[in-house]
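Good morning, and thank you for joining. I would ask you to look at the model on the screen while I go from the overall fold to one pair of helices.

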Amino acid sequence: MRKIEDIMAVVESLAPPQLAADWDNPGLLLGDMTADCRRVMVALDLTCPVLEQAAAHDCQLILTHHPFIFTGQKRVLAGGYEGDLIMALARQGIAAAAAHTNWDNAQDGINWALAETLGLQNITPILDPNYTATEILLLAGQLPKPLLGQALLNLVCQKLDLPVVRAAGCQPNKIYHKLAVVGGAGLDLWPQAQAAGCDALLSADGKHHIGLQAAHNGFTVIDGTHFATEIIGIKRLGAKLAKALPDLEVLYAEVGDSWQFYSCS
Ligand SMILES: [Zn+2]
């Protein structure tokens, strides 16, 4: 029988804690390192539906990308996101852990999963002169073949399983060769992507002024949604964990993005 600490040792060998940003909070967030663990549920975020699924499947640990406890908690009260989850986890004896920026920055981590899903070739990190190990890892690669703007957006939709995608500065008649990617909220890194010779950056959580500035500078930024750009990477961590510990059962939460697209008439 595995212990939670055995699972955390594998997670931290794949996503070394020293790669995490200073402000981050990865690792075991709630639970007992010495408790037995037969089954793990993997999800992007810890939410009530994820907890219900973990309990229904008798999981002893929930491993997410985003830490559900991110800031200091002076009180644990019912009626709030953290308080409700902390009490429900403790009541049901389910532990919670996260691999966040340490998995973003890891070799084979979130950003590599995104780059490979897009079919990029000759994938290399874009390192700026002030690069540190804890900086978000921006990756660049050649598209499988040169694509017109619309075809690039089609590729993103197809590979990330999105019904639509929003972009700023996309030029329908331009031929795109090189794409930069970073999972989650990284569109503000577009100047580094442009300086590295990329034609576009795929990330998420695009702000209005980022789109304005990128388009003004002849650069394309694509918002592939935070969920879709990262879910593939946390599933990859689950698959690596299952491979490393064959006697451990790894399940994936069946939840979608909390942000949905709605057709309106
Ligand atoms: Zn994220």
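For 265 residues, a compact globule would have a radius of gyration near 18 Å, and the protein agrees with this at 19 Å. That radius is taken over C-alpha atoms, and the globule rule is 2.2 Å times the number of residues to the power 0.38. The model is a predicted one, in which local features need pLDDT of at least 70 and side-chain atom pairs count only at pLDDT 80 or more, while totals for chains, interfaces and linings use all residues. Residues are numbered from 1 along each chain as its sequence is written.

The C-alpha trace spans about 55 × 45 × 35 Å along its principal axes. Of the 265 residues, 41% are buried, that is, with 20 or more other C-beta atoms, placed from the backbone, within 10 Å of their own.

The secondary structure comprises 9 helices and 13 strands, defined as DSSP runs (H or I of at least four residues for helices, E of at least two for strands) numbered from the N terminus.

How do helices α1 and α9 pack, and at what angle? Helix α1, residues 4-14, meets helix α9, residues 226-244, at about 125 degrees, and their axes are 10 Å apart. Axes are lines fitted to C-alpha atoms over the stretch in contact, and angles run from 0 to 180 degrees between N-to-C directions. The contact involves I7, V10, V11 and L14 of α1 together with L237, K240, L241 and A244 of α9, contact meaning C-beta atoms, placed from the backbone, within 7 Å.

Technical notes
Contact = placed C-beta atoms within 7 Å. Buried ≥ 20, exposed ≤ 12 C-beta atoms within 10 Å, placed from the backbone.
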